[in-house]
Amino acid sequence: MATSNFLIFAENVEDENMETDTDYEVDTQRMTGVVPGIAVPKMHNKLYRQSTIMTAAIAQSIVQAGYNALDSDYSGLVANLRRTFAGSVNGVRPDATGNIDLTDVLNTIKEYATPSIGQIIITKDPASPAQKYTGTTWELVEEGTFIMAAGKTAAPGSTGGSNTHTITIAEIPEHNHGATESPAAGHNHTGNTNSVDLSGNFRSRSNMFYDVNKGPSQTLGTASTSGRFTVKESGLRADGNADDNRSDYIVHFDGNHNHSFTTSFYPAHKHDISISNTGGGQSYDSRPKYMAFYIWVRTA
């Protein structure tokens with residue numbers, strides 16, 4: 001255990017035998033020195049107490065630092081003074097010259113400050129962190145790579161994903177395209193052919209048979225027409241007959257007509273429709289808004 005033999009002079013002197021601070025401040029012997037033949041006890045007690053109490057206090061500080069403070073060892077006292085007032089860093093004490101070797105302390109601090117293997121540094125500095133942390137190896141994460149939390153399904157260091165994507169059919173939500181087609185009821189299609197006029201007139205004999213000598217001798221039928229035939233003129237003179245033999249007719253045939261028709265019948269039905277495709281199928285940028293940094297991962 002460290003010890004000190006420096007003691008306080010006049011440690012237990014009563015106040016009446018000790019010069020006060022006020023008197024000591026203006027005492028002529030304190031300011032000009034002791035006068036031969038004169039020794040004032042109160043002034044000397046004050047002088048020796050102030051001198052020795054400071055010495056004892058310094059000696060006690062040396063002891064509390066773990067070193068000896070002895071008036072018999074001047075060199076040791078000086079060395080211990082240097083050790084004491086140099087203090088200590090993290091428990092490291094000064095050597096005999098008062099120097100403190102902080103190598104181990106600095107190495108410990110460096111070890112704490114240096115990222116461990118697997119840790120990352122995000123920075124705008126393109127230089128490798130190996131320049132700052134000597135003896136380490138770093139890998140630059142590929143440009144355009146985002147950081148995702150690892151867990152049960154994603155192992156640390158695993159990669160995946162893409163900054164662009166083209167949607168597949170399976171990824172499109174199930175949906176319908178609405179379209180309407182009006183049904184057609186069962187019906188016939190009617191129409192007319194082009195009109196052709198076949199109308200005209202022709203000459204016809206009477207329905208009476210004439211004998212040149214005997215006159216009318218046999219009735220063939222009534223003078224009539226049917227269908228599209230009509231008598232236009234009657235009582236015309238027949239060629240080669242007597243003047244009164246007016247047995248010819250002008251018959252008119254009305255040949256102007258149309259033909260109606262009906263197409264085949266088709267039951268109620270719907271007509272198929274087609275919906276044309278649209279879209280270009282190009283990939284799109286799937287990245288959210290971002291700010292880019294260099295990402296370094298310590299690998300060794």
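Predicted model: local features only at pLDDT ≥ 70, side-chain atom pairs only at ≥ 80, totals over all residues.

Reader: How many helices and strands does the protein chain have?
Author: Elements are DSSP runs numbered from the N terminus, with helices being H or I of at least four residues and strands E of at least two. Counted in this way, the protein chain has five helices and 12 strands.

Reader: What percentage of the residues in the protein chain is buried?
Author: Buried means under 20% relative accessible area, exposed over 50%, and partly exposed in between, with a 1.4 Å probe and protein chains only. Accessible areas come from the Shrake-Rupley method with a 1.4 Å probe, and for residues only the protein chains shown count as cover. The accessible surface of the protein chain is about 23400 Å², and carbon and sulfur atoms hold 52% of it. Of the 300 residues in the protein chain, the buried share is 16%.

Reader: How much space lies in the largest pocket?
Author: A pocket is an open set of points on a 1 Å grid over the protein atoms alone, where a 1.4 Å probe fits and protein lies on both sides within 12 Å along at least five of seven lines; lining residues have an atom within 4 Å of a point. Grid points are joined across faces, edges and corners, and the volume is the space filled by probe spheres set on the points. For the largest pocket this comes to about 920 Å³.

Reader: Which residues are the closest to the centre of the largest pocket, and which elements give two or more residues to its lining?
Author: The largest pocket is lined by 30 residues, of which Thr145, Phe146, Ile147, Ser158 and Thr159 are the closest to its centre. The elements that give two or more residues to this lining are strand 2 (138-140) and strand 12 (294-298).

Reader: How do the residues of the lining of the second largest pocket divide?
Author: The second largest pocket holds about 410 Å³ of space. Among its 16 lining residues, the closest to the centre are Glu143, Gly144, Thr145, Ala292 and Phe293. Ala, Val, Leu, Ile, Met, Phe, Trp, Tyr, Cys and Pro count as nonpolar, Asp, Glu, Lys and Arg as charged, and the others, Gly among them, as polar. The lining of the largest pocket has 14 nonpolar, 12 polar and four charged residues, and that of the second largest pocket has 11 nonpolar, two polar and three charged.

Reader: Is Lys270 buried or exposed, and what separates its C-alpha atom from that of Pro183?
Author: Lys270 lies in the loop between strand 10 (260-262) and strand 11 (284-285). Its relative accessible area is 64%, so Lys270 is exposed. Not counting residues up to four places away in sequence, Lys270 touches Glu181 and Pro183. Lys270 and Pro183 are 87 residues apart along the chain, and their C-alpha atoms are separated by 5.0 Å.

Reader: What is phi of Ala10 near?
Author: Ala10 lies in the segment before helix 1 (21-26) and is buried, because its relative accessible area is 13%. Most residues other than glycine have a negative phi. Ala10 has a positive value, near 60°.

Reader: Which residues is Asn45 in contact with, leaving aside its neighbours within four places in sequence?
Author: Asn45 lies in helix 3 (residues 41-64) and counts as buried because its relative accessibility is 16%. The C-alpha atoms of Asn45 and Phe9 are separated by 7.6 Å. With neighbours within four places in sequence left aside, Asn45 is in contact with Phe9, Ala10, Val13, Asn17 and Met18.

Note on methods. Residues numbered from 1 in each chain as written. Heavy atoms only, no water. Contact = heavy atoms within 4.5 Å.
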